[in-house]
Amino acid sequence: MRLNVLLLILLLHGAAAVKPPAKWQTLSGEAPVVVARGGFSGIFPDSSQYAYQIAQSTSLKNVVLLCDLQLTKDGGGICQSDLRLDNSTTISSVFPKGQKTYSVNGQPLTGWFSVDFTSDQIYNNVSLIQNIFTRPSVFDGSLPMSMVEDVTGLHPYQFWINVQYSIFFKEHKQDVATYITAASEQMVIDYISSPEIAFLKSLNGKLTRRKTKLIFRFLEVDDVEPSTKQTYKALLNDLSTIKSFASGILVPKSYIWPVNKDQYLDPHTSLVTDVHNLGLEVYASNFANDMPASYNYSFDPTAEYLQFIDNSNFSVDGVLTDFPSTASEAVACLAHNKNNTLPTEGRPLIITHNGASGVFAGCTNLAYQQAAEDGADILDCSVQMSKDGVVFCLDSADLMGHTTAIKTFMPQATVVPEIQKENGIFSFDLTWSEIQSLKPELTTPLSQSGLARNPAAKNQGKFMTLADFLEFAKKSTVAGVLINIENAGYLASKKGLGIVEAVSTALTNASYDRLPKKQVLIQSDDTAVLSAFKKNSGYKRVLYVKETISDAPKPTVDEIKHSADAVNLPRSSIVADSGFFVSAFTGVVDEMHAANISVYVSVLRNEFLAIAFDYFSDPMVELATYVAGVQVDGVVTEFPATLAAYFRSPCSNLNAKLSYSILPVEPGSLLSLVSPEALPPAEAPAPVLAVADIQDPPLPPVADLSDKASVTAAPQTSPPRSGQPAIAVNAALSLLILMLSFIRLSFH
């Protein structure tokens, strides 16, 4: 089964025609190469068989497999990046007495080292583990360490050996140069890199069977090169001498695009241009999708690769990465496409979630401006109302999470159980003037994990009234707007605020009922709200189903059809996961499509911690899964630029005959590679969406709060909204309560 999955992935990445060659600013003029450091080490244990195989099957066909070479006690070659094997293998438990302390480049280092064990001891007893806690641990202990021959036995298109500690091995009576010279007679070695000048010089003239590129590897600027005792910063100022013993250099990516203390990019250096002018190649290292780089990239790893290979000044000749499939996307699918026209036909809608809220505070003028510039089709406004009846855009009626209200209005915090269980400062308790005195707050759903969004813009932007929002959208290039309405019943009965009427009036005043070229989507979790807009035949009504569901039977779908033209579903209602692995596609999309109901998926985010392992910490792969795999009609996203870049790429069209495509995932493909005993525990299935879950009573009339008695006559609790599976409210009882309320009001 495991082999079949690997073969399937390999076949899916097979190709017919090849994309026309693009002009590159590399030294050779060819596309930069993708170098898989330890294979696909971002998902699988570093240098494991799976890591190398998946790197080959999911990347460009000319992907380079890199082996960090270490030598065993009997002179065997193994691939492992850390000199201390206990950080990435089970060796400490297998050989508990094998710990040693050695001097490595003048510094004491304690651990388990390959020079103390034979090849057989390591290969037959020691297995690999993942040494980065945010990566999957389900493969730990099931894969043996790879010998160099294991990697070359996979017949890689190109093979790269990195030698990090040749001096250390020589001190332990193992000569790496001798090993490589002998190995080069048996296998093809395309690249050899090392941070030790003396080692690279020792290889000159010895590798006669094939022209192997020798690459000098720079470490951090203040580290000392052991041969010359100079810092790498000093060597950087004498690049011409490197040409005498190497054909290129490998540098940390910060040598090229420095990142300042605030995690924003500084201007690029002249390194690539200077090195190219000397006739040397430049390779950049330290790329990983799950290692946050600069806020400039908005957590989109492809944006970072493009900064190095597709800018107007230069392109590096290759990138070393733990996620070679994403680097392959950048090279084959996204480079040279940023000026492509965004297609308008035959693709899902790009729908924002509070504008470009991954970049600026949600629902502000800046978030909406950014979203329009980034290529969004539909701008959304979740409408709230102030105490004095002003309708404005904000994600929640509770101002605590998205504004600075807590600093000023904390004494007015209260609990409104009809809206939320937690304490809140609510918009309907403040005047519009008071709300305007606040600043917006750029938030992130993953702030507790340290993944902040664009902190330089944390409080930038202004709140927009619904009227201003509609005017902005009307003048922009976006195709339309989505107005999200919640808590309409509570606002009407408890606060005397008619949000449905206010939205309808604002749309009419802005002429949206007479603008055929601008789409209007009315979204709510309340079918009664949607029914109120039924008379507006030009508006598309969207039922917001907030809770995760596993199925939508035909009676439920038929009921939805009475009040909605589309549904907005959570990601987990469409693609089910188990233990952060994709386990299955539900049938909900097909069931809705059979009834001619459009399906939108929400909310997609770029942060790797919000993405299942099957997507390789790559938001583009998740997009491809929902767009090409499940075929949704719209994607709700906080990063519309990423989705627009995907649609601008020819790789988003799986019918195009390209050498590489961004493919949807196959549910269960990663889980099928996991040993049964290591599988995550099965989770209980999500509930089925029932008819009762989407039936809502009519909206109550807007209470006249000029008379205090009307407040006491209002119902004490609001009925549950559709889209949230619950026990249905007895409609007849609700009507009776309303009639009694009207009778009481008539006597006052």
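What follows is a run of questions and answers about this predicted model.

Q: How do you know which parts of the model to read, and what are the ground rules?
A: This is a predicted model, so local features need pLDDT of at least 70 and side-chain atom pairs count only at pLDDT 80 or more, while totals for chains, interfaces and linings use all residues. Residues are numbered from 1 along each chain as its sequence is written, and side-chain values use heavy atoms, with hydrogens and water left out. As for pLDDT, that's the predictor's confidence in each residue, from 0 to 100. The chain has a mean of 91, and 91% of its residues reach 70 or more.

Q: Why is strand E1 called largely enclosed?
A: Buried means under 20% relative accessible area, exposed means over 50%, and partly exposed is in between (1.4 Å probe, protein chains only). Five of the five residues of E1 (residues 33–37) are buried, so the rest of the structure largely encloses this strand. Val33, Val35 and Arg37 point one way and Val34 and Ala36 the other, and all are buried. By the way, strands (E, at least two residues) and helices (H or I, at least four) are DSSP runs numbered from the N terminus.

Q: How do you know which strands E1 pairs with?
A: Two strands pair if DSSP finds at least two bridges between them. E1 and E12 (residues 318–321) have four, in the parallel sense, and Val34 has Val319 as its bridge partner in E12. E1 and E2 (residues 64–71) have three, also in the parallel sense, with Leu65 in E2 as the partner of Ala36. The chain gets from E1 to E2 through helix H2 (residues 49–58), and this β-α-β crossover is right-handed. Right-handed here means that, with the strands pointing away from the viewer, the path from the first strand over the helix to the second runs clockwise.

Q: Why is the pair of Tyr264 and Tyr295 called tilted?
A: Rings of Phe, Tyr and Trp (its six-membered ring) pair if their centres lie within 6.5 Å; planes under 30 degrees apart count as stacked, over 60 as edge-to-face and the rest as tilted. The whole structure has 29 aromatic pairs. For Tyr264 and Tyr295 the centres are 5.2 Å apart and the planes at 45°, so this pair is tilted. Tyr264 sits in the loop between E10 (248–252) and H10 (271–277), and Tyr295 in the loop between E11 (281–287) and H11 (301–309), so the pair ties together parts 31 residues apart in sequence.

Q: Why does the pair of Phe392 and Trp432 get the label tilted?
A: Their ring centres are 5.2 Å apart and the planes are at 40°, so the label is tilted. Phe392 is in strand E15 (residues 391–393) and Trp432 in helix H15 (residues 432–436), so parts 40 residues apart in sequence are tied together. Phe392 and Trp432 are both buried.

Q: How do you know that a charge sits over the ring of Phe647?
A: The rule asks for NZ of Lys or CZ of Arg within 6 Å of the ring centre and within 35 degrees of the ring normal. The charged end of Arg347 sits over Phe647, 5.1 Å from the ring centre. Likewise, Lys253 lies over the face of Phe287 at 5.2 Å.

Q: What makes helix H17 largely enclosed?
A: Six of the eight residues of H17 (residues 488–495) are buried, so the rest of the structure largely encloses this helix. Among what covers them are strand E18 (480–485), helix H18 (499–509) and helix H19 (527–532).

Terms used
Contact = heavy atoms within 4.5 Å.
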